[in-house]
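This report describes one protein chain, shown below.

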Amino acid sequence: SSADTVLVVRTDGVVVGGLSETGTASFTFDAWSTAGSFFVQGIEHIRLGLDHLLFLVVLTLGVVSGKTGRAAAWRVVKLVTAFTVGHAVSLCLAYFDLVSVPADIVEPAIALSIVAAAALALRKTGGDVRWWIAGIIGVIHGLGFASSLAGLGVATADHAVALIAFNLGIDVAQTVVVLAVLGAFLAIGRWVPAWKDRVRYAVAAAIGAVGLYWTITRIFF
């Protein structure tokens with residue numbers, strides 16, 4: 001092939017793309033292929049993005065520590081929805097270069113949000129996180145999602161489809177994580193209630209320590 005052609009070999013065939021002078025590979029997919037590809041990338045970003053994953057875990061722990069049952073589930077839904085809206089907005093703005101924040105600022109801020117959420121989860125009565133706070137934190141994490149999407153080095157003409165699919169992939173993955181944590185914590189509270197606070201303290205403290213380590217290393221190293 002020529003120097004400006006990129007071949008992606010898959011088990012079901014070969015996809016041909018063009019390579020620009022900036023090193024960006026452009027592929028022509030139909031809308032369904034684009035949606036499927038970016039949806040999977042959204043899921044993978046949560047699965048492999050340990051910082052976002054740990055934030056979701058500790059945010060959920062902070063909510064269910066103060067309430068149980070439907071009350072806890074409803075608070076989780078509100079906070080995750082606000083977080084989702086926040087990261088969707090900033091992801092779209094960053095994707096279209098309407099907002100640009102250096103990774104040197106975004107990455108430490110994401111790590112610091114983990115520390116803050118862990119501190120709230122460690123409170124005896126649970127973290128009183130407001131929906132708008134979750135939304136602001138979502139904006140910060142959305143800038144991190146945008147960096148990940150840009151780091152793929154893949155451009156598509158179906159920008160709207162790509163963004164929607166990527167966001168949906170993220171949302172599906174984070175919903176699974178939150179439901180898993182919520183279900184596990186409520187099960188512990190029902191079957192071994194004496195362990196409920198111990199587990200919350202241990203997990204939140206461990207995640208907070210990791211977040212603090214990331215904050216320091218991302219700022220100074």
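## Helix α4

Which residues of α4 are buried? They are Val106, Pro108, Ile110, Ala111, Ser113, Ile114, Ala117, Ala118 and Ala121. Buried here means under 20% relative accessible area, exposed means over 50%, and partly exposed lies in between (1.4 Å probe, protein chains only). Helices (H or I, at least four residues) and strands (E, at least two) are DSSP runs, numbered from the N terminus.

The length of α4 fits its residue count: at 1.5 Å a residue, its 19 residues should span 27 Å, and the end C-alpha atoms are 27 Å apart, which agrees. The expected span of a helix is 1.5 Å times one less than its number of residues.

## Model and confidence

This is a predicted model, in which local features need pLDDT of at least 70 and side-chain atom pairs count only at pLDDT 80 or more, while totals for chains, interfaces and linings use all residues. Residues are numbered from 1 along each chain as its sequence is written, and side-chain values use heavy atoms, with hydrogens and water left out.

The mean pLDDT (the predictor's confidence in each residue, from 0 to 100) of the protein chain is 82. A value of 70 or more is reached by 80% of its residues. Confidence is highest in α7, at a mean of 94, and lowest in strand β4 (residues 154-155), at a mean of 48.

## Overall architecture

The protein chain has seven helices and four strands. Along the sequence, these elements follow the pattern β-β-β-α-α-α-α-α-β-α-α.

Of the 221 residues in the chain, 38% count as buried. Contact means heavy atoms within 4.5 Å. Among contacts between residues at least 6 apart in sequence, 79% join residues at least 24 apart.

## Salt bridges

A salt bridge is a side-chain nitrogen of Lys or Arg within 4 Å of a carboxyl oxygen of Asp or Glu. By this rule the model has four salt bridges. One of them joins the side chains of Asp51 and Arg218, at 3.4 Å from N to O. Asp51 lies in helix α2 (residues 50-64) and Arg218 in helix α7 (residues 196-220), so this pair ties together parts that are 167 residues apart in sequence. Asp51 is buried, at 9% relative accessibility, whereas Arg218 is partly exposed, at 24%.

Arg218 also forms a salt bridge with Glu107, again at 3.4 Å from N to O. This pair links distant parts of the chain, with Arg218 in helix α7 and Glu107 in helix α4 (residues 103-121), 111 residues apart. Glu107 is partly exposed, at 23% relative accessibility. Another salt bridge, between Arg200 and Asp197, has an N to O distance of 3.0 Å. Both residues are in helix α7 and are three residues apart, so they are separated by about one helical turn. Arg200 is buried, with a relative accessible area of 0%, and Asp197 is partly exposed, with 32%. Through shared partners, salt bridges join Asp51, Glu107 and Arg218 into one network.

## Surface and nonpolar patch

The accessible surface of the protein chain comes to about 12000 Å², and 68% of this belongs to carbon and sulfur atoms. Accessible areas come from the Shrake-Rupley method with a 1.4 Å probe; for residues, only the protein chains shown count as cover.

Val85, Val89, Leu93, Phe96, Leu98, Val99, Val101 and Ile105 make a nonpolar surface patch of about 670 Å². Patches are made of residues with over 30% relative accessible area and no salt bridge; like charges are joined within 9 Å, and nonpolar side chains (Val, Leu, Ile, Met, Phe, Trp, Tyr) within 5 Å. Helix α3 (residues 69-95) gives the most to the nonpolar patch, with three residues. Val85 lies in this helix.

## Two single residues

Val76 is also found in helix α3 and counts as buried, at 5% relative accessibility. Apart from neighbours within four places in sequence, Val76 is in contact with Thr60, Val63, Val64, Val178 and Leu182. Val76 and Val178 are 102 residues apart along the chain, and their C-alpha atoms are separated by 8.0 Å.

Asp97 lies in the loop between α3 and α4. Asp97 has a positive phi of about 60° although it is not a glycine, and it counts as exposed, at 67% relative accessibility.
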